[in-house]
Amino acid sequence: MNSPWLLETRNLKKYFPAGPGMTLHALDGINLRIRPGRTLGVVGESGCGKSTLGRTILRLTEPTEGQIFLNGREITGMGKRELRKLRTKMQIIFQDPYASLNPRMTIEDSIAEPMLVNGLFRTKAEAYGRVDELMEIVGLAPRNASLFPHEISGGLRQRVGIARALATNPEFIVCDEPVSALDVSIQAQILNLLMDLQDQMGMSYLFITHDLSVVKHISHDIAVMYLGQCVESGSTEEIFRHPAHPYTKALLASIPTPSLSTRDKEPQIIRGEVVSPINPAPGCRFAARCPYATDCCREPQQEREIREGHFVMCYRAEELAE
């Protein structure tokens, strides 16, 4: 089936039981689309469901409801055997590079493992030859091959994680906050590496982060999440120029500005209580903290396209769009 989208989700939901008669709505009706060779940045505060979204798309966590398509092919109902064949096309880079590596395996063994498990090469010698190529691609010196994860720095460990993700020649990679645990200077190196790899190999990324400066640097499109819902999505340029949802506006206002002219500017503080994601009311989940909320915000919300490719879940979106 031909599709212009490499990845698409339709009404994707993930609920977790939270006690008798209680359900935690981790994901509630997520609709995302990613074109081949592009990056969708998913941004939002801790606990909004970003990581759950990435894991559910890869079916590391099973969805409660909805559909997931890869290259136009639905993968939601695939069995384990069929899904295992597809795993080579979908990979993940974890947030903590140390926790994601086996401490008892050397760097070269960690990189070779995905290729050997999936039988991508006829012999171990061929697989380890590819390991040497991958280490060079991600900027790992040959001398690191025989070292263990605790013997190298955090930045180098993340390069190992990237090499492992590349080992199966994937089309789609979930980057789950891959630079949040690294120093700022190392963050820039890893981001530039990911962008260079995308240019060379044409992969698509779902890039999860809470840092809007990072997402602006690496993403072609942005999806803003709040308590399990996608409240605004569109191209990076559109979201930064014309934010329409009050939560998006608050996130953009929180970005530090390196300018003396703005040092006396009052910070925009989001006031009010965060509503519980357990059995949430049908209205806007940001309404309790929104300075623009009216009675209509207590009614069920629907995503609306206010400009071409710009979707917002807010009754007052056109009025608030800049």
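An open sheet of eight strands has the order 6-7-8-3-9-10-12-11, with mixed pairing. Its edge strands, strand 6 (90-93) and strand 11 (304-307), each pair on one side only. From one strand to the next, the twist averages 20 degrees. The model is predicted, and local features need pLDDT of at least 70, side-chain atom pairs count only at pLDDT 80 or more, and totals for chains, interfaces and linings use all residues. Residues are numbered from 1 along each chain as its sequence is written, while side-chain values use heavy atoms, with hydrogens and water left out.

**Terms for strands and helices**

- Helices (H or I, at least four residues) and strands (E, at least two) are DSSP runs, numbered from the N terminus.
- Two strands pair if DSSP finds at least two bridges between them.
- Axes are lines fitted to C-alpha atoms, for helices over the stretch in contact, and angles run from 0 to 180 degrees between N-to-C directions.

- Strand 3 (residues 39-43) pairs with strand 9 (residues 221-226) in the parallel sense over four bridges.
- Val42 has Ala223 as its bridge partner in strand 9.
- Helix 9 (residues 246-253) packs on the sheet and touches strand 9 and strand 10 (229-235), where contact means heavy atoms within 4.5 Å.
- The direction of helix 9 makes about 110 degrees with that of strand 9.
- Helix 6 (residues 184-201) lies across strand 3, strand 6 and strand 8 (204-209), and runs at about 160 degrees to strand 8.

- Four strands form an open sheet in the order 2-1-4-5, and their pairing is antiparallel.
- Strand 2 (23-34) and strand 5 (73-74) are the edge strands, each pairing on one side only.
- Strand 1 (residues 7-17) and strand 2 run antiparallel and are joined by nine bridges.
- Tyr15 stands opposite His25 of strand 2.
- Helix 1 (residues 50-57) packs on this sheet, touching strand 1, strand 2 and strand 4 (65-70), with its direction at about 115 degrees to that of strand 1.

**Helix 3 and helix 4**

- The axes of helix 3 and helix 4 (residues 124-138) come within 9 Å and cross at roughly 125 degrees.
- Helix 3 is therefore oblique to helix 4; angles under 35 degrees count as roughly parallel, over 145 as roughly antiparallel, 65 to 115 as roughly perpendicular and the rest as oblique.
- Helix 3 contributes Glu108, Asp109, Ile111, Ala112, Met115 and Leu116 to the contact, and helix 4 contributes residues including Lys124, Tyr128, Val131 and Met135.

**Two loop residues**

- Gln301 lies in the loop between helix 9 and strand 11.
- With a relative accessible area of 11%, Gln301 is buried; buried means under 20% relative accessible area, exposed over 50% and partly exposed in between (1.4 Å probe, protein chains only).
- Leaving aside neighbours within four places in sequence, Gln301 is in contact with Pro282, Gly283, Cys284, Cys296, Met313, Cys314 and Tyr315.
- The side chain of Gln301 reaches the backbone oxygen of Glu299 at 3.0 Å.
- Ser100 is found in the loop between strand 6 and helix 3 (107-117), and counts as partly exposed at 25% relative accessibility.
- A polar atom of the Ser100 side chain lies 3.1 Å from the backbone oxygen of Pro97.
- Ser100 and Gly161, 61 residues apart in sequence, are 7.5 Å apart in space, C-alpha to C-alpha.

Methods. Polar contact = N/O pair within 3.5 Å; in protein donor to acceptor, adjacent residues only side chain to side chain.
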